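Let's take a walk through this structure together, one piece at a time. Have the sequence and the 3D view ready.

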Amino acid sequence: AKFSTEFQYELKIGAEGGDLLTRINRIIAKRSTRGMFVTALYAVFDPKDGKVQLVNAGHLYPIVVGPKAGQFRVLKSEGFPPLGIADDQVYTSSEFTLVPGERVILMTDGVTDVKNENGVTLSQDRIHEILASCPGNAVARLTLELKRFTQDSVQSDDITLIGIGFGPYTELTFSSETSSLGLIRHLVEDKARSMNFAEKQVGRIALAVTEAVANIIKHTYKSETDQRIQIGIGVNGPELQIHLRDWGPKQDPSHFVSRPLDEIRPGGLGVHYMKETMDVIEFDHSLTYGNEVYLQISAEKVGRK
């Protein structure tokens with residue numbers, strides 16, 4: 001509580017990371033009870049050029065994943081002791097530059113300390129592998145894997161994850177009216193064309209996304225027209241990444257099953273079409289309420305103009 005208050009106040013005086021943490025450390029060291037300290041990582045991210053200013057006070061190093069699947073690096077800036085241990089400690093900043101498509105992952109040690117029912121922890125290599133497997137959906141993937149690994153067994157520490165992506169990204173909110181489908185379709189088509197997808201593929205991508213939105217309107221919101229749907233579209237090299245978010249009742253993705261193709265009747269093919277079109281379809285299971293689905297397709301696999 002002391003740290004939070006002092007941080008907010010000192011931040012108004014100056015935002016340069018090294019000087020900021022040096023001032024806060026001096027205050028915490030003088031006021032805290034013996035043996036109390038705070039680990040902290042202070043980062044300033046510039047979305048214009050991808051530069052990151054970073055000061056690490058005894059915290060886990062950030063991990064950068066992407067731009068391609070399987071790629072990751074650890075931002076090993078100069079390490080300093082936690083705040084509150086030595087009142088004369090001087091902290092300095094390090095600077096890194098991200099490339100479009102990279103994503104910085106920040107986490108608490110509750111992630112690396114998770115244990116399953118047998119007391120086994122998830123290895124650091126495995127955590128890196130999960131995060132790098134799909135950079136655009138790294139946080140959701142690791143959250144789901146942690147849930148599977150622990151089987152909801154009680155943990156001794158908090159589990160906190162934050163992902164910050166760098167690169168072209170558009171996020172808009174629409175009403176849950178069917179009239180929104182046309183607007184969303186045009187948005188997706190424009191973005192796909194800007195990546196030089198073949199026109200036939202542009203149509204398939206747009207249809208797959210509008211099918212997903214139509215399912216949100218019909219099944220999640222039960223055709224209520226006063227709800228909201230958020231769509232985010234990002235470009236990561238050759239990959240088009242799309243996030244769809246709603247605030248309706250939690251849905252079970254295992255129930256989203258397409259009907260057999262030999263049944264000749266209208267409807268029921270939306271899920272099948274999405275799976276046939278997209279390279280990746282994943283749900284974020286970490287949300288407290290609402291639903292988010294992540295869609296990804298690579299222009300390298302389907303070809304461009």
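A residue is called buried here when its relative accessible area is under 20%. Keep in mind that this is a predicted model.

With that in hand, look at helix α2, residues 17-31. Its 15 residues should span 21 Å at 1.5 Å a residue, and the end C-alpha atoms are 21 Å apart, which agrees. Quite a few of its residues are buried, among them Gly 17, Leu 20, Leu 21, Ile 24 and Ile 28. What do the buried residues of α2 pack against? Their partners are α1 (2-13), β1 (40-45) and β2 (51-57). At the start of the helix, a side-chain oxygen of Glu 16 comes to within 3.1 Å of the backbone nitrogen of Gly 18.

Now for the aromatic rings, which form 4 pairs. Take Phe 7 and Tyr 42: their ring centres are 6.0 Å apart and their planes sit at 65°, so this pair is edge-to-face. Since Phe 7 belongs to helix α1 and Tyr 42 to strand β1, the pair ties together parts that are 35 residues apart in sequence. Phe 7 is buried at 18% relative accessible area, and Tyr 42 is buried too, at 10%. Ring pairs also bring in Phe 3, giving a cluster of Phe 3, Phe 7 and Tyr 42.

Last stop: Asn 236, in strand β10. Is Asn 236 buried or exposed? With a relative accessible area of 3%, Asn 236 is buried. Its side chain reaches the backbone oxygen of Pro 67 at 2.8 Å, and Asn 236 also touches residues including Pro 100 and Gln 241.

Notes:
Residues are numbered from 1 along each chain as its sequence is written. This is a predicted model: local features need pLDDT of at least 70, side-chain atom pairs count only at pLDDT 80 or more; totals for chains, interfaces and linings use all residues. Side-chain values use heavy atoms; hydrogens and water are left out. Helices (H or I, at least four residues) and strands (E, at least two) are DSSP runs, numbered from the N terminus. Buried means under 20% relative accessible area, exposed over 50%, partly exposed in between (1.4 Å probe, protein chains only). A polar contact is a pair of N or O atoms within 3.5 Å; within protein, one must be able to donate a hydrogen and the other to accept it, and residues adjacent in sequence count only if both atoms are side-chain atoms. Contact means heavy atoms within 4.5 Å. The expected span of a helix is 1.5 Å times one less than its number of residues. Rings of Phe, Tyr and Trp (its six-membered ring) pair if their centres lie within 6.5 Å; planes under 30 degrees apart count as stacked, over 60 as edge-to-face and the rest as tilted. Lists of a residue's contacts leave out its neighbours within four places in sequence.
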